[in-house]
Amino acid sequence: MAVTTTDTEIKMKIDSVEDARRAYEFYTEREKKLDAELQTFIQQHDRQDDKVLSLQKMMPQLQLAHSDAQQLSGMIAFTSALAENISSKVKQLDVTRSRVLECMQRVEDILDLKFCTDGVQTALQNEDYEQAAAHIHRFLSLDKTVLKKSAADSNEGSSLDEAFEKLHEAETQLKAIVMRKFDEAVRDEDVASVERFFKIFPLLNQHNEGLKKFSTYLCSQ
């Protein structure tokens, strides 16, 4: 009996015990294969069921995670908007702070100008040339354009012009005094006075003039 024949053909051709034995073995083997395939299918089905069950159990957690993600996204958006708002306010505060500092600096410069105007006259009268030079040096370091603008804003233009005029006159007067005093000290060989008046030249923005005179003095020694 050939094993490739159909079930009907096998039944019809069983004519002997040997044919029956072969048919039995054929169907037994076939049944084993079918059982094995069925067991494999059942196992795969069970695994699929387990996966589906696992996914079903995870659904609440996934939904919660999705909800948390949405909430976190909302918080991030809120924080970003808040940060931008704070940054904008900080910039505004910086601008305001800069303007306040600028205004304070202008006021301080105007007060310094008035202090220099009064101080330089007193120092010249007392022959305190170092102090007079310090006042002139402070005056020369001020931004006159800013001062004039500040004075115009505060209606103090005339008094400021008067202060400028007095300080320029004092500057010219002090330069002449320092020149004369230095030359007298050199002529009298008064080393202490030479050094004293040499140190005043830089305060009057006469660095080169002072160096020339001092170099000439040293060469003559």
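Analyst: Among contacts in the protein chain with a separation of 6 or more, 59% join residues 24 or more positions apart. Contact here means heavy atoms within 4.5 Å. This is a predicted model, where local features need pLDDT of at least 70, side-chain atom pairs count only at pLDDT 80 or more, and totals for chains, interfaces and linings use all residues. Residues are numbered from 1 along each chain as its sequence is written, and side-chain values use heavy atoms, with hydrogens and water left out.

Now the fold. The protein chain has seven helices and zero strands. Helices (H or I, at least four residues) and strands (E, at least two) are DSSP runs, numbered from the N terminus. Of the chain's 221 residues, 22% count as buried. Buried means under 20% relative accessible area, exposed over 50%, and partly exposed in between, with a 1.4 Å probe and protein chains only.

Next, the rings. The whole structure holds five aromatic pairs. Rings of Phe, Tyr and Trp (its six-membered ring) pair if their centres lie within 6.5 Å; planes under 30 degrees apart are stacked, over 60 edge-to-face, and the rest tilted.

Take Tyr129 and Phe197. Their ring centres are 6.0 Å apart and their planes meet at 45°, so this pair is tilted. It links distant parts of the chain. Tyr129 sits in helix 3 (residues 129-141), while Phe197 sits in helix 6 (residues 191-198).

Phe139 is buried, at a relative accessible area of 0%. Phe164 counts as buried too, at 6%.

There is also a cluster. Phe198, Phe214 and Tyr217 form one aromatic cluster. For the segment at residues 196-220, UniProt gives the feature "domain: COG4 transport protein middle alpha-helical bundle", from an unreviewed entry. UniProt positions follow the numbering used here, feature names are shortened, and annotations may be inferred rather than shown by experiment. Over residues 196-220 the chain is 64% helix and 0% strand. The end C-alpha atoms of that segment are 18 Å apart.
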